[in-house]
Amino acid sequence: MFTATIKELRNLIPIIGESLTPIIQSEPGCGKTSLLNMLKEDFGDKYDYIYVDCPVKDMQDIAMTIPNHDTKTLDTYVGSLFQLNSPKPKIILLDEFMKAPKLLQVIFTRLMLERCVGDTPLPQGSIVFGTSNNQSDGVGDGMLAHAGNRVCIIQMDKPNSDQWLEWAGNNGVHALIKAWVHMFPRCLSSYLDDGQDDNPYIFNPKKPQLSFVSPRSLHKASVIVENRDQLGENATMVALAGTLGRPCASDMSAFLSLEKSLPLFESILEEPEKVAIPKEISAQLMLMFQATDKLKTQDDLSQFMKFVERIPSSEMQAVFFTILVRHKEGMKLARGNKRISDWTRENYQLF
């Protein structure tokens, strides 16, 4: 199967999207819709960014005809959704296109093929792309054959744990969730991969489930973990089960309990050579993910590196280095830090 990563699609869409409409397919919760925000980060004010939630739209949301009494004809008025009062080119996301009513799919076909809303052309340089779930997901996606031949249907890779952790490190996901994903990378496998029939965490169309682990649900669960003290233990577990599925919630509960035994992060920065190093790998990971979120200065990083260098496993030390350089702010600190430079030079064989 030919597939593309979300990073590759971020580059592909603006290159081909003016003349050929990519339709991005993947299983639920993999980040397809986030491509619109990524493009906004890349291009800023150059475009108007338009999100079209296809399954809930109706004809009057797109365009309507009204009588023109002077010419005795019907004129088309385009919906404000498309911001055609602005001269800027558009980047239009037709989200969940294959779940749209068949009549709207026909209407959107002209938008995808000719860059017109009804009879009104989009500004020159406009880009159109769509998303949909895999037809094998069994969630109601379908497309007319003649329409499919007019677009570019692309299968997107489901982000693996390393790819998701890089994104999560720069988007405020709680350290406990990141540590759990690092320990249980199988939670981001795909049902399309070999050997996943017994995977209790993931979406699988053969099994009835509404709550499961996905890149999206892991992000959503962050607010639960962040507020677990206010929620209480039972409500926290109920909310996690309702967001990530029961198997994940059960396994994550051990992580939540373990956090109570961790040293305070502030105490590590104050006395990095005296604070006891947790024996459990999961606990060490939690502290490392906490560090990438909390370290703000070169002095803080140097202090934490004194603690990291005491960890008996050089491989675990390398894990912290990897986490740090995948974090935008952490990378800035790492570039100018002498302890990091010294550690990298002495441990180059680990990479």
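Helices α6 (161-169) and α7 (residues 175-183) pack at an angle of about 170 degrees, with axes 10 Å apart; helices here are DSSP runs of H or I with at least four residues, numbered from the N terminus. Axes are lines fitted to C-alpha atoms over the stretch in contact, and angles run from 0 to 180 degrees between N-to-C directions. The two helices, α6 and α7, are therefore roughly antiparallel, a term for angles over 145 degrees. On the α6 side, the contact (heavy atoms within 4.5 Å) involves Ser-161, Trp-164, Leu-165, Ala-168 and Gly-169, and α7 brings Ile-177, Lys-178, Val-181 and His-182.

A word on the model: it is predicted, with local features needing pLDDT of at least 70 and side-chain atom pairs pLDDT 80 or more, while totals for chains, interfaces and linings use all residues. Residues are numbered from 1 along each chain as its sequence is written, and side-chain values use heavy atoms, leaving out hydrogens and water.

Now follow α6 to the largest pocket, where α6 supplies at least two lining residues, as do α1 (6-16), α2 (35-43) and α8 (215-226). A pocket is an open set of points on a 1 Å grid where a 1.4 Å probe fits, with protein on both sides within 12 Å along at least five of seven lines; lining residues have an atom within 4 Å of a point. There are 33 of them here, and Ile-6, Gly-31, Ser-34, Met-38 and Trp-167 lie nearest the centre.

Finally, look at the second largest pocket, whose lining includes Arg-228, Thr-236 and Lys-260. Helix α11 gives the largest share of that lining, four residues.

How values were computed: Angles under 35 degrees count as roughly parallel, over 145 as roughly antiparallel, 65 to 115 as roughly perpendicular and the rest as oblique.
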